[in-house]
Amino acid sequence: MSITSPQRPSGPSVRVRLALSYAGFLIVAGIALFVVGLLALRFVPVVPIYTATGAGAPTRGDLTEVFVRYAWWTLGGLIAFGLIGGWLLAGRMLRPLHRITDTVRRVRDGELDHRIALAGRRDELTELADAFDAMLDRVQHTLDEERRFAANASHELRTPHAIIRTMVEVARADQAGRDVDEVLRRVAATNDRSIAITESLLALARAGRGGSLERAPIDLAAITAAVVSTLAAQAETSAISIHTSLAPAVTLGHRTLIEQLVTNLLTNAIAHNTAGGRVVVTTAALAGSVELSVTNTGAVLPPELVETLTEPFVRAAGRTRAESGAGGVGLGLAIVASTVRAHGGTLELSGRAEGGLHVRVHLPAAAGVSGSLAP
């Protein structure tokens, strides 16, 4: 579907209309002064008044004739001054608008990296330019993320499909059907992985639409306690102990996404750990914000690797999987980062010197809400 601009009939430019408006205002002001002058001349006597020396003062008719003659010249000068001055003044005032229009056209033609960058003090035009530049920054950031995300997702989803196709071809070549059960098991496992990738993609897309989130006061401690209880069996299977210190921490957020955030962090801490390791989870209310901290043991992570862990489909190759075999799809921390960004919070990742990862999430505190809430 193509989008075309509406066909509008041509009309006078804004500069012409402003110039005519300035000139019209001066004409109205000149006519008003002309009328006031005529009204003031009514107080001048009609007949001449002679002084003691015999000289006569000008009459109303004499003053009116002179006043009208010069008033017409003055009115003509005001018209010329209004048109010329209004044209120049309007051009100066509209110059930033031409720059904005030029930028809009260039962006429409695909130059998303172009910005208005209007200089000067704050006024209506600079506010418009700054708002448009901010909108372009967000649009470009979103498009860049979508392009990179689409490329990574296409590559990631292509792999399990190619594996399934290969296994089906192998099964077809096996006339005796000796490996059918094993092929079906592997196909099911690969299909489950594709479903996990798709669900993660949908969660990441929902987290990216932060502007439309329905938010309500939620207690981060209560949600974290529920998630810890849910993942206790998985941690026990991997011989990993979970230690919690959960103080009430009320934030304003989307419950489903916050639950997904906590689940991803704890699942990541369990999956990328060592046998017999530990996970420490704390929540706290700070000045104007709430904090969720997740620390896990594991392999030593280089700082340059930690910086890339929130990128989609990035995995720490040197980190140990849990013995349960629950492999991730490389989207857990990417979803966490998008969710934190959508809620206006901050995410901090740091590798521990003794091995493992320390993750700190700061979210804005719910104004006017204190204490704990029901989960």
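**Notebook: two loop alanines and a set of strands**

I began with Ala239, which sits in the loop between helix H6 (232-237) and strand E2. The model I am reading is predicted.

I looked up the backbone of Ala239 and found phi near 60°, a positive value in a residue other than glycine. Is Ala239 buried, exposed or partly exposed? Its relative accessible area is 46%. Exposed requires over 50%, so Ala239 counts as partly exposed.

I then went to Ala117, in the loop that lies between helix H2 (60-108) and helix H3 (124-173). Ala117 is not a glycine, yet its phi is positive, near 50°. Its relative accessible area is 51%.

One pair I noted is Ser245 with its bridge partner Thr282 in E4.

I also checked E4 against E5, residues 289-296. These two run antiparallel and are joined by eight bridges. Here I noted Ala285, whose bridge partner in E5 is Val290.

How many residues lie between E4 and E5 in their hairpin? I found two. Gly288 is in that turn, and I recorded a positive phi of about 80° for it.

A last note on strands: in a regular strand the side chains alternate between the two faces of the sheet.

Conventions. Residues are numbered from 1 along each chain as its sequence is written. This is a predicted model: local features need pLDDT of at least 70, side-chain atom pairs count only at pLDDT 80 or more; totals for chains, interfaces and linings use all residues. Side-chain values use heavy atoms; hydrogens and water are left out. Two strands pair if DSSP finds at least two bridges between them. Helices (H or I, at least four residues) and strands (E, at least two) are DSSP runs, numbered from the N terminus. Buried means under 20% relative accessible area, exposed over 50%, partly exposed in between (1.4 Å probe, protein chains only).
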